[in-house]
Amino acid sequence: MSAKKPFYITTTLPYVNAEPHIGHAMEFIRADIIARSKRLSGFDVFFNTGTDEHGVKVYQKAQQLNLAPQVYVDQAAAKFKEILPVLGMSSDINFIRTTDPHHIKSAQAFWQTVQKNGEKAKDGPYIYKKNYSVKYCVGCELEKTDSELVNGRCTLHPLQELEIIQEENYFFKFSAFQDTLLKLYVDRPDFVIPSTRLHEIHAFVERGLQDFSISRLATKMPWGVPVPGDETQVMYVWFDALVDYISAIGWPDDEVAGVSQNGAFKKWWTETGGVVQYCGKDNLRQQSAMWQAMLMAAGLTPSKTIVINGFVTGEGGVKMSKSLGNVVNPLDVVREYGTDALRYYVAREISPFEDSPFTLEKFKEAYNANLANGIGNLTSRIMKMAEANIQPDSVNPILAVEFIEALDHYDIKTACDFVWAKITALDVTIQKEEPFKKLKVEETKGAALKLIEELVKGLAEVALHLEAILPETALKIQECIKANKVPVAPLFMRK
RNA sequence: CGCGGGGUAGAGCAACGGUAGCUCGUCAGGCUCAUAACCUGAAGAUUGACGGUUCGAUUCCGUCCCCCGCAACCA
């Protein structure tokens, strides 16, 4: 029997249409920092990630590569799974794929539940069939959304008239949930973080909601979860993918996974007050409005919190793109600087909620200043004095309230600032008190030894706070302290 | 009048009614325990523009200019 309180956090499942990029890395790392810090504070943590594998883009990509969709997504999912340890993700992270059989069953059960609830509801039905008109560019041989068009025309084929294709799809009665969503936003000011994003979604919902299509004709696009009771349609990818947040924890309990989940859903959804969802700002609507309405329609309580990240941009705030050549591959960064260096950068040097530029020059600067010259050098200088002059002693640091508070608000940068303020304070103390000098004089030697013990204590405190942020580094420092030795190699080599 | 965010030292950010702070970079000095690291100090900003409120505005209000996302059935 564990008395630990449960906590559930998830990343957005990356869509496997693209390779893992720095934005994914940032989201993974930030969610991992929260997960680790919650464990440090004594919570029982379920940490979820995975891959979103259905939908038209994936289907097309597989066709381009001349691969069966399943073969393509297997390869793509493997790539995402491989980078988790490279980014220092908690080893007990759950990895769900939307092509997992238990997820597919869960998504279908979700559909049926929404359908059934809608039949009884006075504002139902929640799922109904309707003609859906698609704008189709013959030149591209592709469906186009309004946002892709300029003056109602395809930008690549401006002389071609767009064809309007009528298709019968299932729709979700999003509009029925407007009031309930607005009430959710008003009642829970922390539902979406930061608050500007809550205002944004509130304003969006207030303007009125349109029901959205949640299925596609299987003859045109077969790569999706089959709609229960209608083989001619597959689910629209969002309707399937978002369900992963509950399918991952066994919803709707035992019959889905085929094995007993021991009340996993109750524990991770009900007792936690819902999931904490990390996502990019482009996902604001899907995660904080559409998904919440879907949960309501299924008779489930909303998520706990949606944390919205900004985008990682290139220099000058421009979008990263292959054609501009300003794309940064997280794996290259890790290869050159190490996992913890990347974790440091996305935790502290990139704005917690706004767009921020990422350049290798800035990265190197921050690395040298705060890792090599900062925590790395500090560890060396303290441990050198300790090794030569004092005996190893046990230290039991505790987490600072300010640190925990900052993380409770998902303000990872402020939490890091707190730790680095401590690092600077230790450097200042050494300079001001000059224990290295006092050691050489008989009258002051005792004071110097005491001071060195204090410095080691301070270093241990820093290490404890770094456990969530830079787990490898924290461990190395703790081992040095325990053995009372200088690091065998510099923690962070200057670059 | 579509929605939201932003314009603050060379760069990246903070503050948000009362002498404009931080990090990096630059310059000078100090220290030698340490990874040519560390510490101290200095230079550097008419806080996008113009009005208004106020004893006082970067901070509140109005107008304007510029930048970036989004504008739903593209993930």
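Reader: What's the strand order in the open sheet of six strands?
Author: The order is β3-β2-β1-β14-β15-β9, and the pairing is parallel. Strands here are DSSP runs of E with at least two residues, helices are runs of H or I with at least four, and both are numbered from the N terminus. Two strands pair if DSSP finds at least two bridges between them.

Reader: Before I go on, what kind of model is this?
Author: This is a predicted model, where local features need pLDDT of at least 70, side-chain atom pairs count only at pLDDT 80 or more, and totals for chains, interfaces and linings use all residues. Residues are numbered from 1 along each chain as its sequence is written, chains are lettered from A and ligands numbered from 1 in the order in which they are written, and side-chain values use heavy atoms, with hydrogens and water left out.

Reader: How many bridges join β9 to β15?
Author: Two, and the strands run parallel, with β15 covering residues 305–309. Ile 193 has Val 307 in β15 as its bridge partner.

Reader: And at the other end, how many bridges for β2 and β3?
Author: Four, in the parallel sense. Gly 50 is bridged to Ile 96 in β3. β2 also pairs with β1 over five bridges, again parallel, and there Pro 6 stands opposite Asp 44 in β2.

Reader: Is β2 mostly covered or mostly open?
Author: Mostly covered: seven of the eight residues in β2 are buried, where buried means under 20% relative accessible area, exposed over 50% and partly exposed in between, using a 1.4 Å probe and protein chains only.

Reader: Which helices pack on this sheet?
Author: Helix α1 (residues 22–40) is one of them, touching β1 (6–10), β2 (44–51), β14 (276–280) and β15. Contact means heavy atoms within 4.5 Å. The direction of α1 makes about 165 degrees with that of β2; axes are lines fitted to C-alpha atoms, for helices over the stretch in contact, and angles run from 0 to 180 degrees between N-to-C directions. Helix α11 (residues 284–297) lies across β9, β14 and β15, at about 140 degrees to β14.

Reader: What handedness does the β1, α1, β2 unit have?
Author: It's a right-handed β-α-β unit: with the strands pointing away from the viewer, the path from the first strand over the helix to the second runs clockwise.

Reader: Switching topic: at what angle do α13 and α16 pack?
Author: Helix α13 (residues 339–349) and helix α16 (residues 412–433) pack at about 110 degrees, with their axes 7 Å apart. That makes α13 roughly perpendicular to α16, a label for angles of 65 to 115 degrees.

Reader: Which residues meet there?
Author: From α13, Tyr 344, Ala 347 and Arg 348; from α16, Ile 412, Lys 413, Cys 416, Asp 417 and Trp 420.

Reader: Is Leu 84 buried or exposed?
Author: Leu 84 counts as buried, because its relative accessibility is 6%. Leu 84 sits in helix α3 (residues 69–86). Not counting residues up to four places away in sequence, Leu 84 touches Phe 28, Thr 49, Met 89, Ile 93 and Phe 95.

Reader: Last one: how many helices and strands in chain A?
Author: Chain A has 19 helices and 17 strands. Of the 495 residues in chain A, 52% count as buried.

Methods. Angles under 35 degrees count as roughly parallel, over 145 as roughly antiparallel, 65 to 115 as roughly perpendicular and the rest as oblique.
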